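Visitor: I am new to this structure and would like to know how its descriptions are reached. Could you take me through them?

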Amino acid sequence: MQKIRSEHLVPYARLDRPFYDQSGQLLIARGTRVVPPMIAALDAAGITEGVLLDHSDELRVLQGQPRYESRSIRTIIPGQIITQSMFDEQGNLLLAADSVIPGSLVETLKARKVESVLLSKEMDVDRVGRFSDSLAREWARNLDDQIDNSSIPLAVERKGVPTARRMRVWRGKRRPAVELSRISQRRDSLLSETEEILDILQMGAGLKRGRIERIAEQIVDLTCDDKDVCLALASFPDAGAALPRIGVDVSFVAVAMGLMMGHNEAQIRTLAMGAFLHDVGMLSVPAQIVEKNGRFNRHELSVMRNHPLNGLALLARVPDATVETALVVYQSHERDSGVGYPRAASGEGVHDYAKIVGIADAYHALVNPRAHRDESLPYDALANISKMSGLGMFSKEFVLALVHALGSFPVGSWVKLSTGEVAHVVGVSPAAFDRPKVSVVLDEYGVALEEPQVLDLTQMPGVELTHVSAPVRFMDNPLEAF
Ligand SMILES: [Fe+2]
């Protein structure tokens with residue numbers, strides 16, 4: 001264990017050991033390049049010193065230290081701001097953290113012949129909070145500057161081999177059950193790994209970028225393997241653990257959009273990383289706000305609107321996160337017309353990946369229930385997104401990518417055909433996004449077929465989709481009709 005002053009951290013050097021504060025809260029993860037904003041954030045949070053740990057055992061020693069440290073009254077200087085709460089020897093609170101030390105207090109203590117006071121170590125937890133907060137603000141300011149002086153390209157140029165080239169297109173009738181369960185198992189394991197990652201971030205630990213890269217790669221592979229099944233899974237409402245599903249399912253939708261837009265392999269993986277992490281800041285929003293059934297008050301609204309910045313603070317624990325990932329975390333709630341947050345940035349001031357993820361996230365939010373509303377059917381969710389695009393919130397080009405990926409009757413929708421039959425949309429090709437592949441489950445008399453029958457409407461010019469139907473057999477498994 002090596003004690004080190006924050007100002008002695010070498011800018012741009014990579015830490016070979018994790019840097020903790022005195023109470024055992026992680027400040028900077030191992031492998032992170034120490035950039036000047038981090039040093040500035042430590043300074044702003046009043047963290048002048050920390051320790052570099054060699055072994056995890058040392059962390060236990062740090063965290064096991066007494067909750068209070070004794071300080072001589074001579075070191076308590078009137079007029080300074082105290083960063084830890086101050087107690088007398090009996091444990092009575094003398095002064096709360098963040099207060100200016102009044103001269104009268106020091107006088108009184110001296111008059112009572114008090115020689116030392118206790119300073120709470122608990123406040124160190126709060127200092128970490130303020131460190132993260134200052135770091136996020138510093139990082140955001142940096143991103144704003146780079147956007148303002150155009151040193152980060154925000155538009156993603158189409159170049160190289162489009163990843164869509166390696167998309168598998170399902171040409172058979174129904175997919176074999178084993179194939180469907182293979183895909184849903186792979187998604188399940190992604191979900192449980194995501195849960196683990198969110199736990200790690202919430203506990204304040206660092207995360208290797210490689211781990212996020214591997215997940216992003218799996219999301220891209222799975223979407224290329226069977227985009228339609230991934231989108232049907234992502235479009236299926238679920239009241240269960242929300243945040244891991246947002247990470248994985250929004251990534252499926254965003255990646256499918258990126259595929260439609262012709263992004264190359266490196267671009268699509270970067271997009272997937274951003275999409276996967278875009279909502280981590282929600283870890284900082286208390287459950288009673290997330291689950292509130294009713295309008296937010298001003299305080300709740302500001303907590304909610306701060307979550308992209310908290311996302312940046314958490315992202316600081318992923319060493320070497322790319323600038324694109326940071327921009328997606330920071331900007332995916334911005335809207336083209338400038339009605340988003342946290343900066344009300346608009347149009348060309350928002351990174352393309354943040355725009356894609358913003359649309360994918362909005363779609364995913366609509367098809368899932370919230371405390372104050374039911375879920376929308378995929379078709380209605382898509383109609384809603386188009387309406388928002390009409391209001392200038394989302395640019396048409398990006399919404400079109402969503403329509404190409406999902407189809408104008410989205411994969412996972414129930415539809416009525418001009419023949420009177422009822423079917424489930426199980427596939428769409430971008431070249432004919434209004435003539436999907438459907439799986440008929442009810443005949444024209446409303447009688448269930450023994451075995452769903454897959455029809456490719458591109459091959460059946462006489463058959464039309466007339467309207468959306470309510471879900472027929474609202475199944476636990478959205479892949480039953482595939
Ligand atoms: Fe969010």
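Guide: Start with helix 9, whose 13 residues should span 18 Å at 1.5 Å a residue; its end C-alpha atoms are 19 Å apart, which agrees. The expected span is 1.5 Å times one less than the number of residues. Helices here are DSSP runs (H or I, at least four residues), numbered from the N terminus. This is a predicted model: local features need pLDDT of at least 70, side-chain atom pairs count only at pLDDT 80 or more, and totals for chains, interfaces and linings use all residues. Residues are numbered from 1 along each chain as its sequence is written.

Visitor: How do you know that the span of helix 5 agrees with its number of residues?

Guide: Helix 5 (residues 177-202) has 26 residues, which should span 38 Å at 1.5 Å a residue; its end C-alpha atoms are 37 Å apart, so the two agree.

Visitor: Why is methionine 261 called buried?

Guide: A residue is buried if 20 or more other C-beta atoms, placed from the backbone, lie within 10 Å of its own, exposed if 12 or fewer, and partly exposed in between. Methionine 261 has 22 within 10 Å, so it is buried. It lies in the loop between helix 8 (242-260) and helix 9 (265-277).

Visitor: What makes serine 150 and alanine 344 exposed or buried?

Guide: Serine 150 has 9 other C-beta atoms within 10 Å, so it is exposed. Alanine 344 has 12, and is therefore exposed too. Serine 150 is in the loop between helix 4 (123-148) and helix 5, and alanine 344 is in the loop between helix 13 and helix 14.

Visitor: Why is helix 9 called mostly covered?

Guide: Of its 13 residues, 10 are buried, among them Gln267, Ile268 and Phe276. The buried residues of helix 9 pack against helix 6 (209-225), helix 8, helix 12 (307-315), helix 13 and helix 14. Contact between two residues requires C-beta atoms, placed from the backbone, within 7 Å.

Visitor: What makes helix 13 oblique to helix 14?

Guide: The axes of helix 13 (residues 323-331) and helix 14 (residues 352-366) come within 8 Å and cross at roughly 45°. Axes are lines fitted to C-alpha atoms, for helices over the stretch in contact, and angles run from 0 to 180 degrees between N-to-C directions. Angles under 35 degrees count as roughly parallel, over 145 as roughly antiparallel, 65 to 115 as roughly perpendicular and the rest as oblique. Helix 13 is therefore oblique to helix 14.

Terms used: Helix = DSSP H or I, 4+ residues; strand = E, 2+ residues; numbered from the N terminus.
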